[in-house]
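Dear colleague,

Please find the structure below, together with its sequence.

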Amino acid sequence: MPQHVQGVIAPGRNEPVRVETIVIPDPGPGEAVVKIQACGVCHTDLHYKQGGINDEFPFLLGHEAAGIVESVGEGVTDVAPGDFVILNWRAVCGTCRACLRGRPWYCFDTHNAKQRMTLLDGTELSPALGIGAFAEKTLVASGQCTKVDPAVAPEVAGLLGCGVMAGIGAAINTGNVGRGDTVAVIGCGGVGDAAVVGSRLAGAAKIIAVDIDDRKLETAKAMGATHTVNSRSTDPVEAIRELTGGFGADVVIEAVGRPETYRQAFYARDLAGTVVLVGVPTPEMKLELPLLDVFGRGGSLKSSWYGDCLPSRDFPMLVDLHQQGRIDLAAFVTETIGLGEVEKAFARMHEGDVLRSVVVL
């Protein structure tokens, strides 16, 4: 029988979010219902609320989540009721051209639930990133559920579902940061700090954190940055070059998603170095670079999709590293809140002292 639960919806562009009763259908073939235990408040959810993703309102927000599988539909064999899972928004298909080439982290045909969750009046909801986890329960494709060690705290595990994985993956997967490399990270929010953690994990010798907020720079230093640059008062390109013997960094990770910071990243890298864009731009943004500079500087300009992660491989690995004390995922949790406090959490994103607000149910 369909279930009625509480969830947070964005009713229209820039309208305040509100808690509504959500109807969750029984899982169909290949689907699972998950009881949500924790879900991080990610900037992408704010993009949905602002209409920066698309106009398919109303949205059921939330996607950075962990919980317990409650029930599964026909044909589901990869998870079972009672499994503790992290939800992911790139459930690989296994049959598209990327998957068949052995690059499933680029899967071009990822799965979502076929059925729609609705409001009581039957209005269909668009789940954020195919998940919709600011709710007591949600309906997803079973491939969006990744089993991990149930001993990890849900509010920590859920962060791997988006922001922390995006940042760590930008360093270790997309940027291929190696032992002894120099890395610069521009933008020290949750994703940028995760890129710092990933660079440290990969063995980078020098990690330069760049931001306009000294509080964020202090947090980045606590996460593993060896040097900090306040780009409000200092030219970050010149500062990065000065800290790297005049050459520039081997890898520069842009975690802001703006043309001006991308240009800084482009010119702050060494010859034949790598730029990784993991910050999410908005549709109207344009970038202009001299084509001769693109050719002459060589190297790679990459975009990092979800940290180019493979959830079945990366989520359990990072949970294990956290459990071993080799990375501190709990450091990303600034506060825990209830469903009714999501709007306030969006406002706090701009205050500079929050890495992640996490809804706990």
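Asn14 sits in the loop between strand 1 (3-10) and strand 2 (18-24), where helices (H or I, at least four residues) and strands (E, at least two) are DSSP runs, numbered from the N terminus. Before going further, please keep in mind that this is a predicted model, in which local features need pLDDT of at least 70 and side-chain atom pairs count only at pLDDT 80 or more, while totals for chains, interfaces and linings use all residues. Residues are numbered from 1 along each chain as its sequence is written, and side-chain values use heavy atoms, with hydrogens and water left out.

Not counting residues up to four places away in sequence, Asn14 touches Lys49 and Gln50, contact meaning heavy atoms within 4.5 Å. Asn14 and Gly122 are 108 residues apart in sequence, and their C-alpha atoms are 23 Å apart in space. The phi angle of Asn14 is near 60 degrees, which is a positive value in a residue other than glycine.

Ala272, which belongs to strand 15, also has a positive phi as a residue other than glycine, in this case near 65 degrees. With a relative accessibility of 58%, Ala272 counts as exposed; here buried means under 20% relative accessible area, exposed over 50%, and partly exposed in between, for a 1.4 Å probe and protein chains only. Another backbone detail is found at Phe57 and Pro58, which are joined by a cis peptide bond with omega of about -5 degrees, and Pro58 lies in the loop between helix 1 (43-50) and strand 4 (59-60).

Two packed helices are described by the angle between their axes and the distance between the axes. Helix 5 (residues 190-202) packs with helix 6 (residues 214-223) at an angle of about 25 degrees, and their axes are 9 Å apart. That angle makes helix 5 roughly parallel to helix 6. The axes are lines fitted to C-alpha atoms, for helices over the stretch in contact, and angles run from 0 to 180 degrees between N-to-C directions; those under 35 degrees count as roughly parallel, over 145 as roughly antiparallel, 65 to 115 as roughly perpendicular and the rest as oblique.

In this pair, Asp193, Val196, Val197 and Arg200 of helix 5 meet Thr219, Ala220 and Met223 of helix 6. By class, the residues of this contact of helix 5 with helix 6 are 4 nonpolar, 1 polar and 2 charged, with Ala, Val, Leu, Ile, Met, Phe, Trp, Tyr, Cys and Pro counted as nonpolar, Asp, Glu, Lys and Arg as charged, and the others, Gly among them, as polar.

Ile207 is found in strand 12 and is buried, its relative accessible area being 1%. Leaving aside neighbours within four places in sequence, the contacts of Ile207 include Val196 and Arg200, both of which also take part in the meeting of helix 5 with helix 6.

**Helix 7 and helix 8**

How far apart are the axes of helix 7 and helix 8? For helix 7 (residues 236-243) and helix 8 (residues 259-268), the axes are 9 Å apart and the packing angle is about 25 degrees. Helix 7 and helix 8 are therefore roughly parallel to each other. Their contact is made by Pro236, Val237, Ile240 and Arg241 of helix 7 and by Gln264, Tyr267 and Ala268 of helix 8, and by class it has 5 nonpolar, 1 polar and 1 charged residues.

In helix 7, the buried residues are Pro236, Val237, Ala239 and Ile240. Seen down the axis of helix 7, these buried residues fall within an arc of 165 degrees, so they line one face of the helix, the arc being that of the directions from the helix axis to the C-beta atoms. Among the elements that cover the buried residues of helix 7 are strand 11, strand 13 (227-230) and helix 8.

The buried residues of helix 8 pack against several elements, including strand 14 (249-254), strand 15 (269-277) and helix 9 (291-297).
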